[in-house]
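Good morning, and thank you for coming. I would like to take you through one structure, strand by strand, and then turn to its cores, loops and surface.

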Amino acid sequence: MLKPGDYVTHLFSTTTLDTLLLFTNLGHYLYVPVHEILDVKWKELGKHISNFIPLSEGEKIIDALIINSKNSNVIMTTKSGATKRTRLNELIVSRYSKPINAMKLKDGDEMVSAILDNGRAIFITEKGYYLNIDSNEIPIVGAKASGVKGINVKDDVVVSVLSPKENSEYIGLFTSKNTSKRIKISELEKMSRAKKGSTLIKKVKSTQYDIIKAFLLDVHNIVGMKIDGEMKGIKASEIPIMDLASTGSLLSKKNIDDVFCLSEIEEIKIVKEEKVEKEED
């Protein structure tokens, strides 16, 4: 059961031997062994994470993952374009009663993404720029370190970072003017780190189309929209495939408050490595 206006962002098929990592906008992560999560019936509301690990004022969850044997690195990125890779086994701790440092942030910066590394990193900004790089260009550093410049943003911020798998086909873009489009990942130019990148969306003098969300899509996905407090869904296949020089197709005449991809179960395997004893900062 969900509270009105809430929706599922991640859905994992896992075991009580696994560990859930929850990343926050303040550059922290919460270390949550699955066996310690309250077991409830599917119709029940469940417990807020702050009942187990206290969060600071204004701190919110931005991403989640299960420690996974197939991917050993996580890519973390801030709204200013700073980014780094960290090995998952470096995030294993023995004490986890409070948020733990995941990435050192500069004043005024926030973490916007923490994703598994699939070999590429595509940075997408609010003003409609993208930078598609090989993730090996991002140094692997520890949890206490800050990042390097992933994408060069000026009067702009990063809204999404994606690491597509080999079979990923499309990125769904959603704008502040209620428009959307799918673009083919294969059409995105490959570049090098710390550049401004290229445009994903047509620039119109009379109207500013800011990108509010971007995520990977395939034809089987359902895209959810929050409109006037109500949840509506459409098939990803109903969102037109367009080139980079377009502003997208109108999704709704009413203002869209939020948009998300309905989560599908992700099969998980635990990391087969000896746990490293680490103390929280």
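**Strand E13 and its partners**

Strand E13 is joined to strand E14 by 5 bridges, and the two run antiparallel. Before I continue, please note that this is a predicted model, in which local features need pLDDT of at least 70 and side-chain atom pairs count only at pLDDT 80 or more, while totals for chains, interfaces and linings use all residues. Residues are numbered from 1 along each chain as its sequence is written, and side-chain values use heavy atoms, with hydrogens and water left out.

Some terms are needed here. Strands (E, at least two residues) and helices (H or I, at least four) are DSSP runs, numbered from the N terminus. Two strands count as paired if DSSP finds at least two bridges between them.

Is E13 buried or exposed? Buried means under 20% relative accessible area, exposed means over 50%, and partly exposed lies in between, with a 1.4 Å probe and protein chains only. By that criterion 6 of the 6 residues of E13 are buried, so this strand is largely enclosed by the rest of the structure. In a regular strand the side chains alternate between the two faces of the sheet. Both faces of E13 are covered: Tyr170, Gly172 and Phe174 are buried on one side, and Ile171, Leu173 and Thr175 are buried on the other.

**The nonpolar cores**

A nonpolar core is a set of buried Ala, Val, Leu, Ile, Met, Phe, Trp, Tyr and Cys residues joined through side-chain atoms within 4.5 Å. Which members of the largest core touch the most other members? Of its 25 residues, they are Phe123, Ile124, Ile171, Leu173, Leu188 and Leu200. The elements that contribute two or more residues are strand E9 (120–125), E10, strand E12 (158–162), strand E13 (170–175) and strand E16 (211–217). E9 gives the most, with 4 residues.

Contact here means heavy atoms within 4.5 Å.

**Ile133 in strand E10**

Ile133 is found in strand E10, which spans residues 129–134. Ile133 is buried, with a relative accessible area of 0%. Leaving out residues up to four places away in sequence, its contacts are Arg120, Ala121, Phe123, Ile138, Met191, Ser192 and Arg193. As a sense of scale, Ile133 and Glu230 are 97 residues apart in sequence and 37 Å apart in space, C-alpha to C-alpha.

Strands of a sheet pair through backbone hydrogen bonds, either parallel or antiparallel. Here, 4 strands form an open sheet in the order E8-E5-E6-E11, with antiparallel pairing. Which strands lie at the edges? They are strand E8 (111–116) and strand E11 (148–149), each of which pairs on one side only. Strand E5 (residues 73–78) and strand E6 (residues 82–87) are joined in the antiparallel sense over 5 bridges, and Ile75 stands opposite Arg85 in E6.

Ser113 lies in strand E8. Ser113 is buried, with a relative accessible area of 3%. Apart from residues up to four places away in sequence, Ser113 touches Ile62, Asp63, Ile75, Met76, Thr77 and Val161.

**Loops and surface**

Asp155, in the loop between E11 and E12, has a positive phi of about 55° although it is not a glycine. At 70% relative accessibility, Asp155 counts as exposed. Ala194 lies in the loop between strand E14 (179–184) and strand E15 (198–199), and its phi is near 75°, a positive value in a residue other than glycine. At 30% relative accessibility, Ala194 counts as partly exposed.

Finally, the surface. Val40 lies in the loop between strand E3 (28–33) and strand E4 (61–66). Val40 is partly exposed, with a relative accessible area of 34%.
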